[in-house]
Amino acid sequence: MELLLGLIGVVAVFALVRSFLPARTLPAGAALGAVAVALLAYDYRELVGLEFWSGLIGFVAIMSALMVVIHPNPMVSVLFLILNLFCIALFFLILDAQFLAVIQVIIYAGAIMVLFVFVVMLLNLKTEEGLRLGGGPQRSGAIVLGAAFAALMFYAIRNRGEAPYFDPGPSGPGFGTARDLGGLLFTRYQFAFEAASILLIAAMIGAVVLAKRKLR
Amino acid sequence: MDPAIVRVLVESAVKIALFFFVMLTAVAYMTWVERRVSAWIQDRRGPNRVGPLGLLQPLADGIKFLFKEEVTPPHVYLPVYLLAPMLIFVPALVTFSVVPIGPSLGLLGHRIALQIADVDNGVLIVLAFSSMGVYGVALAGWSSNNKYSLMGGLRSSAQLISYELAMGIAIVGVLMATGSLRLSDVVAHQIEHGWNALYQLPGFVIFLTAAFAETNRMPFDLPEAETELVAGYHTEYSGMRFSMFYMAEYANMITASALAVTLYLGGYHVPGLARLGLPETAAALVQVLAFCVKVAFFLFVYVWVRWTVPRFRYDQLMNLGWKGLLPIGLAHILWVSFLVLKGWV
Amino acid sequence: MRVEFFLLMGALLFTIGCVGVLVRRNAIVILMCIELMLNAVNLTFAAFAHENQSMAGQVFVFFVMTVAAAEAAVGLAIVIALFRRRRTTDVEDASLMRW
Amino acid sequence: MLRLLWLIPLLPFAGFLLNGLLGARYLSRRAVALVACAAVLASFAISVGAVLELHNLAPAPAETGAGAPVRFTQTLFEWMPMGTTAEGADLTVRWGYALDPLSAVMILAVTGIGFLIHVYSIGYMEHETQAGLARFFSYLNLFMGMMLTLVLGASLPVVFVGWEGVGLCSYLLIGFWYDRMYDEKTKMSCADAGRKAFLANRIGDIGFILGMLLLVTAAGTLDIQAILARAGTLGTSVCTAAALLLFFGACGKSAQIPLYVWLPDAMAGPTPVSALIHAATMVTAGVYVTCRMAPLYVQAPVAMLTVAVVGALTALFAAIIGTAQDDIKKVLAYSTVSQLGYMMLAAGVGAFSASIFHLMTHAFFKALLFLGAGSVIHALSGEQNIWRMGGLRRHLPLTHATFAVAVLAITGIPPFAGFFSKDAILAGVLALAGETGSPALLALWASGLLTAGLTAFYMTRLYLLVFAGAPRMPEGASHHLHESPPVMTRPLVVLAAGAAVAGFAGVPGFLGGGRIPDYLRDYLAPVLALQHIDSTGIGTPSEWSAMTIALLVSLAGIAAAWAVYGRRPLPAAAAAAAAEPRGFVRVVKEKFFVDETIDALVLAPYRWLCRASAAFDEKVVDGLVNAVAAATDLASQLLRLVQAGYVAGYAFAFFLGTIVVLFFVLR
C-alpha cells in the first residue's frame, strides 16, 4: 500500500507540474522516470513480487488516465486511453481473468478506440478545439467533487466490513478461462446475453441512422 | 530467485532472440523475393548486381535507409508522428509469438515448445494484435497533417476494421472445429482430423482475402494507392521511419501467412511423417521445414496476386467486405456448426 | 495479491473519469472519459470476482464491455451528426434543448 | 299444470327477451305482436290450469291460525344462501313460487286482463315504428313477468324483485314517448313523468325494504308463510312497525296519500299502459301485499286503523279532484286513485276479501274505461280534452256501449260488478263500526258514501261530456272519426262482459239469502284470516238500509251530473267554469295545488341543496384541484430554469447527488 500512496503523491506532483507548464510532456516523462527509479530503490524484494509490477502498472494507468483528461489534443487523449486500457488488461491478467484481458484488448483497443481514432480523423479537430475547457467555477467545483468522491471511496474501501485486506490466494483451475465464462454466459446468463446482442443491434442501427447524411 | 523462474526467463529470452533474428532476416529477404518474383512475372531481371543473384541487396537497402537523412516536416504532430511506425511494426512481430512453428522437442533434458508463448486464448491474442495494426496506419496518416496521408489513414482504418470482422468470423469456424483457443491445440486437432482447409474452404478463402486486406496488399492497397494519394499514409515519412512501414508490411505478410498455415493448412504437420519413424529431433526439424515451406508458398502467392490483380475501388472494397465476405462467413459458421453437430470433425 | 489495491485503483480511475466528464467540453473526450469510468468499474468487478472466486463478476465485465461498445458507437454517431450541423463538437454549443 | 307454475312468470319474460333482443331488427311487426300475446296467453292458460288443479290439493296441515288454506309451493333454487343465525333461524332465501286462492285470483286477473290489453295494444300502437313496437311489447311482457313474480313470490325478497320490476316497467312505459312533451303548462315531458313515478315508488320502496329487514330480524325468516305463522308471536309493537312500513311501501305503489301524485302524471304513457299498469294490475300490488300480509296486520290494530283512514282520505280526496279534471285520462287516473283508496279502506277495516273483490271488479271496469278512453283518443287522433269531445255516441257505438257499462259498473248500479264490491266494502266498514261502536269508523263509512256519490258524479260527467251532447271538437277533427278496429273493440266487449257479471262472484250473504253463496269470500277466507270479523255482525235490515243508502247516494251523484252537464246545448256557465274556473272549483281543478306544495316544501329546498353542493363542488373542490395544478405549474416554471441545456451542468449535478448519497450510505 505504501507503494500506491507513493504513486498518488507522485500523481499529485505531476498534476501540479502539468498545470504549471501546459502542453509540455517532458516533465511528465521526467517525473515518470524519477518515480520508477525511486520505486526500484525503494525495495528490491518487491521487484519480483506482483506488488511491484501491479504498482507500476497502476501508476502508468493513473498517469495515462490523467493525460486523457488533461491533454488538449483529442488524438493524444485517445492514445493515452489506449495505454490505460492496456494497463487494465494487465490488471485483468493479474486477477486471473485471462479471457477478459484479451477481450479487453480486442473490444476496447481493437474496436472502440479505433472508432474514436476514426472519428477524430474524420472530424480532423484542431488542437484549439480541444483546448477549450469548461467554465472556471464548474472546473474548480468538479475538482473539489472529485476529491470528495475519492476521499469517500478511500474511506469506504479502507474499512470494508470484514477483512479489508482479504487475499484469496491462488485461484482454482480454469478460473477466468473462456471455457468458464462461456459456460456461464450460455447457461445462467443466457437471457442477459441475448439482451446484450439485441442492444448491440439497436446501437448499430441507431449509429447508422444518426450518422447518415440524409435519410431517404 | 528460484531456478524455475530463471529457466523460464532464459528459455524465452533465447527463443525471442532467435525469433527476432529470423523474422527480420525473413523480412529483409522478402523484399528481395518480391522484386525478383515481380521481375520474373513481368519478364524482367530484377536486382542482380549486389552479390550473387543480388542476394546482398537487402543488406544494401538497410544500410541506405540507415544513412539517409530523416526529414521531419514542420507541420507534423511530432509525438504521434514518431509513435506511428513503431505501432505498426510491433504488432506484426508480437502476433507471431503465439504461432507454433514446430512440435515440442526434447533438448538438454528439457521439453522445449517451438513456440514463444503457448497461451490459451492464443487465437484471441492474434486477433487482438492484428487489430492493433490499425493504429499505426491511422495515426501516421493523421499525425502528418497532410490530406493525402489523412485520406490514406481514413481509408486504411475503415478497411482494416471491416476486414478484421471478416477474418474473425472466418476464424470462428476453426475455433468451433477445434474447441479450443490454443493454437497448438488447433494444430493438434488438424493433425488428428485433417487440415481445416479441406472442409472449411469458404472460411479459408475468406481468411486469405481478409489477410490480403489486413496487410494492405494488392488488390487492397488503397491506403497507399500511389496513383491516387501520393503514397498514402506514409507520404511524409522518409529514411528509417519509412523503412519501418516497409518492413512492417512484409512482417505482416509473413505473420498472416503463418497464421493461414497454422489455422488451415495443419501448421507444421507433414502427412505421413509419423510412418517414416525418424528420430524425434530430425522429425521436428522436418516439420519446421515444412512449416517454412508452407509459409513461403503463401508469401509467393502474395507477390503473385500483387502483380496479377488490379486494385479495387473504395466502394467495391467496402461492398466486398460487408456484403460479400461477412454473409458468406456467417453461412460458413452455420456449415461448420452443422459438421460439429454431426461430430464429423 | 490484495484486492484492496485494485479497488482503490478503480476508485481513482473512476474519479478521474468523472472529473474529466465535468471538465472537458469536447464531446469526444467526454465520451472517452466515460469509457474510462466504465473501465474502472470493470476493474472493480474483476477484483471482486477474484476476491470471492465467482465468475459472476467477470460476466458482468463482459456485459459492461458490450454496453460500452454500443454507447461508443451511438455517442460517436451523435458527435458526427452534431459536427455536421454545427461544425463543432463542443457540448456547450449544443445547448438547444432547454427552456 | 301446477308443475308448470314456474312457467307462468317465465313465459312473458322469454317473450320480453325475444322481442327486446330480436324484435327491432329481425322480426316482423306481426311476429312481434304474436310473440308478446302468445306468451301472455300461454301463461294465462297455465294459470287457469294451475288454479283448477289447486282445488284437488289437500289443505296443508301445518297451517296455524287461518283455517286450512290449500297452498302449492314450488321452490326453484337457493337464491341467497345466507346460512343460519345464532338462534338457528334459517336465513337462506329460496326463489320459490306459491299458489293459493289469493294469488290465484290475482294471476287470473293479471294474465287475463293483461292478455286482453296486449291484444288491444296491437291496434292502438299500429302507428308506432317497428323498433318502437318491439320496445313497447317487450316492456309489456317484462311487466307481465315481473307482476306475476310479485304475485306468486313465496318469500318477501322474491316479491320485492317483482315489486321493483313492475316499478321499472312503469317507469319505462310512462316514458315510452320520452321525446314528447306531456304537460305544456308545467313543461313536463313524458320522461319527467316517468322519473316522477319512479321516484315516488322508490320513496315507498324504502318503507318496504325497512319492513323486510324488520321482519327478518324479528321473525328470523323472509318466507311469507313462515312470517305469517309467527305473526302472533312477534308482539304488537313489532307487528305495528312492520305493518306500517310495508303499508308505506304500498302507499307508494298503490298511489295513496301522500305518494299518490305520480299516478295522474303516469297518464303520459300510452293508454294501454295506463289500463294495464296504472289501473288494473300494478297499482293494486300495494293492496295485494297488504292483504297478503293480512295475518300480520290483524296483529296490529293501529296499523289497520291507519290503513283505513289513509284509504278513506285518499278515496275522498281523489274523487273530489276527479270532479274537475278536463283530461279524460286524468279523470280516470284520479278515479283509479280513489278506487284504490277504497280497497285500502276495506283492507284497513279487515274486510280483506272485499278489498280483493273490489280489486278484481275494478280491474275489469277500470281497464275497460281506460281502453274505451283509448279508443276515443285513438278515434280523435290524440285529443284528450273532454271539452273538445261530445256526441261521440253516433261515431263510436261499440266503444260507447262498453264505456257505458263500465260507467254503470263503477258508479255502483246493480247488477254491475262495482255495485257488489263497493257495497261489500261499505258493509265491512259499517260492520266493524257496529262491532266496535267507534264514531271514527262511522266517519270513515260516511266518507266512503260521499266518495261513492262523487264517483258517480264525475263518471257521469265524463260520460256525458264525451259521448252525449253536441260535438265540440274543432272542425276537421270530426270528419275522419271512426270506430276503432276489431282488434281493439273485441277486448272492450270481453271486458264489458266481465265488468257486467264479475260482481256475482261475491254476492253478499243476506242478498243471496243463502241460495247464492259468496264464492269469493268463501274462497279467500282461509287465506285472509277473516275469522275475527264477520260482515254479518249487524242485523240484516241495517245492511239492507246501508245498501239502499249507498245506492241512493250514487244515483244522486248521477242526477247531479246530469243536471249540470246533461242538458243540451251545454250551458255556457259550465263551459266557462271549465275554461277559467274560480274559487273552490279552481282549487279542485288545480288538484289542491298538491304538486305545487310538494314542489315548494320538498323539491325547492332539495334543488337549493343540489345547487349549493354543485357550487361547493365547482368552487371548493375543483378550486383545490386547480390550485394544486397551478402550484405544480408554477413549480415547474421555476424548475424549468434549471434545465440550462448544458450537458456538463447536468453531469455535475448528477455527480454531486451521487456523492451526497454515497456520503449518507457510507457514513
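Student: Is D:Ala255 buried or exposed?
Tutor: In this predicted model, D:Ala255 is buried, because 31 other C-beta atoms lie within 10 Å, and 20 or more is the cut-off for calling a residue buried.

Student: Where does D:Ala255 sit in chain D?
Tutor: D:Ala255 belongs to the loop between H8 and H9 of chain D, and its phi is near 55 degrees, which is a positive value in a residue other than glycine.

Student: What else is in that loop?
Tutor: D:Pro258 also lies there, in the loop between helix H8 (236-253) and helix H9 (262-265) of chain D, and a cis peptide bond, with omega about 5 degrees, joins D:Pro258 to D:Ile257.

Student: And which residues does the cis bond with D:Pro415 join?
Tutor: That cis peptide bond joins D:Pro414 and D:Pro415, with omega about 5 degrees, and D:Pro415 is in the loop between helix H16 (397-411) and helix H17 (417-436) of chain D.

Student: What about phi of A:Asp96, over in chain A?
Tutor: Phi of A:Asp96 is near 60 degrees, again a positive value in a residue other than glycine. A:Asp96 is found in the loop between helix H5 (74-94) and helix H6 (98-123) of chain A, and it is buried, with 23 other C-beta atoms within 10 Å.

Student: Back to chain D, then. How many helices and strands does chain D have?
Tutor: Chain D has 26 helices and four strands, and of its 667 residues, 52% count as buried. Among the contacts in chain D with a separation of 6 or more, 79% are accounted for by residues 24 or more positions apart.

Student: Which residues does D:Tyr288 touch?
Tutor: Leaving aside residues up to four places away in sequence, D:Tyr288 touches D:Met106 and D:Val151. D:Tyr288 is placed in helix H11 (residues 285-292) of chain D and is buried, with 28 other C-beta atoms within 10 Å. D:Tyr288 and D:Leu102 are 186 residues apart in sequence, while their C-alpha atoms are 8.5 Å apart in space.

Student: How many residues are in the largest nonpolar core?
Tutor: The largest nonpolar core has 224 residues, and those with the most contacts inside it include D:Leu345, D:Leu368 and D:Val429. Helix H15 (residues 352-379) of chain D gives the most to this core, with 17 residues.

Student: Why does that core lie between domain 1 and domain 2 of chain D?
Tutor: Domain 1 (1-60 + 70-83 + 97-154) and domain 2 (300-589) of chain D both give residues to the core, so it lies between them.

Student: What does D:Leu368 touch?
Tutor: Not counting residues up to four places away in sequence, D:Leu368 touches D:Thr402, D:Ala406, D:Leu492, D:Leu495, D:Ala496 and D:Ala499. Apart from this core lies another one, of 196 residues, among them B:Leu124, B:Met244, B:Ala258 and C:Leu36.

Student: Switching to chain C, how many of its residues are in contact with chain A?
Tutor: There are 60 residues of chain C in contact with 74 residues of chain A. On the chain C side, helix H1 (3-23), helix H2 (27-51) and helix H3 (56-86) each supply at least two residues, and H3(C) gives the most, with 21 residues. By class, that side divides into 43 nonpolar, 10 polar and seven charged residues.

Student: How does H3(C) pack with helix H10 of chain A?
Tutor: Helix H10 (residues 190-211) of chain A packs with H3(C) at an angle of about 10 degrees, and their axes are 8 Å apart. That makes H10(A) roughly parallel to H3(C). Among the residues that meet are A:Ala196, A:Leu200 and A:Ala203 in H10(A), and C:Phe63, C:Val67 and C:Ala70 in H3(C). By class, this contact has 19 nonpolar, two polar and no charged residues.

Student: Which residues make the contact between H1(C) and H26(D)?
Tutor: C:Cys18, C:Val21 and C:Leu22 of H1(C) make it with D:Ala648, D:Ala651, D:Phe652 and D:Phe655 of H26(D). The axes of H1(C) and helix H26 (residues 647-666) of chain D come within 8 Å and cross at roughly 145 degrees.

Definitions and conventions
Residues numbered from 1 in each chain as written. Chains lettered and ligands numbered in written order. Predicted model: local features only at pLDDT ≥ 70, side-chain atom pairs only at ≥ 80, totals over all residues. Core = buried A, V, L, I, M, F, W, Y, C linked by C-beta atoms within 7 Å. Buried ≥ 20, exposed ≤ 12 C-beta atoms within 10 Å, placed from the backbone. Domains from an automatic or database assignment. Contact = placed C-beta atoms within 7 Å. Nonpolar A, V, L, I, M, F, W, Y, C, P; charged D, E, K, R; others polar. Axes fitted to C-alpha atoms, helices over the stretch in contact; angles between N-to-C directions. Parallel < 35°, antiparallel > 145°, perpendicular 65-115°, else oblique.
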